[in-house]
Structure formats: structure tokens, C-alpha cells
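User: I would like to go through this structure with you. Could we begin with its pockets?

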Amino acid sequence: MIKNGVITVGLIGLGGMANAHRRMISELEQLQLGALCDVNEDLLNKIGEEEGVRAEKRFNDMEALIADPDVDVVISIVPNHIHAKVLELCIQYQKAIMAEKPFTLNFAEAEELAALYEKQPIPCMVGFSYRYIPSFRYAKQLIDENKIGAVRHMDVRYLQSFGAPLFEVPYAWRFNKAVTGTGALGDLGAHMIDSARFFVGEFQSVSALMETFVQKRRDPNSGEMKEVDVDDYTCFQAVLENNVIGNFVTTRNAVGSGNQHEVTIYGDYGTIHVNCERPNEIDICIKDETDHKPVFKTNKVPENYKRQQLQDFADLVTNNPQEGMPTFNDGYQNQKVLERIIQSAETGQTVKVE
């Protein structure tokens, strides 16, 4: 039960991504980190000390944390193969959750969760964090206001470089299909899919290619070369609502790219381009009264488009859900599109998203 308007958070998974969530929790007076869970005892105690979390609220068993009556909500930052189990336990114990993407390991898990959720819904937010990039939020508003006219097509890219042979990255869980489901597709492509759904609407069909460029990587423990069974690269074309055409590319082998998620949206009367690496700027090409021919201009994003991701989660938990917040259904639909992309790549055919 929420006491004095402060929501006690139980954080499951204390790897690298958890640091961002710890920071976001600390920025909001409504949230208080009250419990931790990780299988790494040393890491658990280290962060427990840093955050002032009592020893009895440091768990190795995630079910124990979720069942704890002092925990109001759960934030889950675990490897992909555990996503569905955390959600299942939260539904069982009726705990609100902010779950990381991809929603589940595969669509079969998503369907099982949907059946449980329909019977016992809970407040659920999915971590599609690019909805909280100011330029993305501003672009969404401009599209909704018809500033570029009817949207006809879009280009979406999410490029990283860390997987390229140049860097000799060793084998890790992200290269293991049993743990991660997919490679670049689920890791980065899930964000591309969500951005397209956020800006335009639902997917109708997909036609995809997937490739693994680095077939083996060295196991840092054994020194042996291990087989990589997930994609380094995925591209697909899609038809979305209102016959909007989309071109999508994601890879972790793009030397020179840092964390380059960018979207270009083409309408009848203009074009909008956003890049997460420039969160407070937007490139717009719209003809105005003084232009004989429209050209791209870079504009600053107004301050009111800044919003912290976990503020939406706090609002959801306190029965004040905000428009555009990524929900359980967004996670479910995203996983469905991921599944259809895999099917298309495996069959070499266009697959409908129904």
C-alpha cells in the first residue's frame, strides 16, 4: 500500500541498464527505491549499500521481492528470457510493473501472458524509452497536427557499432538465442517498431532479411570459440496503417555509429527527421510563406516536450495514466511484429501482421 504518497519500488536486475533506472528513481520525489534483487550477491550488496536498502530487502529470489507487501511496484531489468516470468509473477501478485523490452522471448510467451492479463489486469508499462526523447515527442505532436500533411512513407534506422569485428567483442548472453530470442532485431529493432507504431500506427505486413556477420565469438571464460545464433543485422519493409510504407534497418555492426536511432517521416507537404543522439533538435522541411522551395531547417524542441519516463509510470500507478505511455498492449503488439519479421526472413515471403 502506497504510504504518504511515496511509491516503494522493487528493482529486479542490477546490471548496466539498472543504473539509468536508479538515476530516474532518484529524480522523482514520488518514487523510493526500497528493495533490490539480483543473483550476484556481491553486486546486490554493493548497490544495496549505495542506495541505503536494508539487508532484509535485498533478494536473490525475484518472487520473494514481488510478493513482499512493502513493495508497491516492480521495475524489471533482466535478460530477455526472464521477462515473461517476471510479468507472470506480477500478474499473480497484482503488482504494477515497468518491464523492459522486448516484451517476451517470443510471441508464444506473449500470448500466454495476454490470456493471464485479460483475467487479472495490472498497471503495466513497457520500457520503450524513445517515446521520451523530446524530439520524438515533438515530432509526434507535429504529425498529429497534420503539419506535414498525410504521411506516405518513413525510414527508420537503429545503428550501433559494438558488434563489428574491429572491436573483437567476446561471447555474451546477447549472442545466445536461448537467452535473448533474437540479436539486433529484439535489442534495437523493438525500438524501431515501437517508434513506427508511435508515429504512424499498426503494422499490416512485413518483408524481412536477417543476417549474422560474425558467426563465432570467443568465450571469455573458456577461451573457446562459441557459435552465435542470433542476428547481427535485420532489415525489413513494412506496410502500416493507411498504407504508409516503411523501410527499416538495424545492425550492431555499423562502424562509426554510437547509439543512432533515427526516424524520417515523409508527408505530402513536408518531412520531419529526428535522431536520438540530438534529443533537443528536430529537422523539419516544410514550405512557409517566405520559401519558394522548402528546405530543411533545424529547430530547437520546446521545453514542454521533456518528460521523464518514470513520471509516466508514477502517474499510471496513481490512476492518472498519460496519453502515449507504452502499455502492456504495446509490448504485446511489438512482440507480434517481431515474430512476423522472423517468419518473413525464414520463409523469404511477405507476412501479414494480423
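User: How much space lies in the largest pocket?

Analyst: The largest pocket holds about 1,100 Å³ of space. On a 1 Å grid over the protein atoms alone, a pocket is an open set of points where a 1.4 Å probe fits, with protein on both sides within 12 Å along at least five of seven lines; lining residues have an atom within 4 Å of a point. Points are joined across faces, edges and corners, and the volume is the space filled by probe spheres set on them.

User: Which residues are closest to its centre?

Analyst: They are Met17, Ala20, His21, Glu100 and Ser129, out of 48 lining residues. This is a predicted model, in which local features need pLDDT of at least 70 and side-chain atom pairs pLDDT 80 or more, while totals for chains, interfaces and linings use all residues. Residues are numbered from 1 along each chain, and side-chain values use heavy atoms, without hydrogens or water.

User: Which element gives the most to the lining?

Analyst: Helix H1 does, with seven residues. Helices are DSSP runs (H or I, at least four residues), numbered from the N terminus.

User: And histidine 191, where is that found?

Analyst: Histidine 191 is in helix H8, and H8 (184-199) also gives two or more residues to the pocket lining.

User: Why does histidine 191 count as buried?

Analyst: Because its relative accessibility is 8%, and buried means under 20% relative accessible area (1.4 Å probe, protein chains only).

User: What does it touch?

Analyst: Among the residues that histidine 191 touches are Lys101, Ser129 and His261, leaving out residues up to four places away in sequence. Contact means heavy atoms within 4.5 Å.

Definitions and conventions
Buried < 20%, exposed > 50% of the residue type's maximum accessible area, 1.4 Å probe, protein only.
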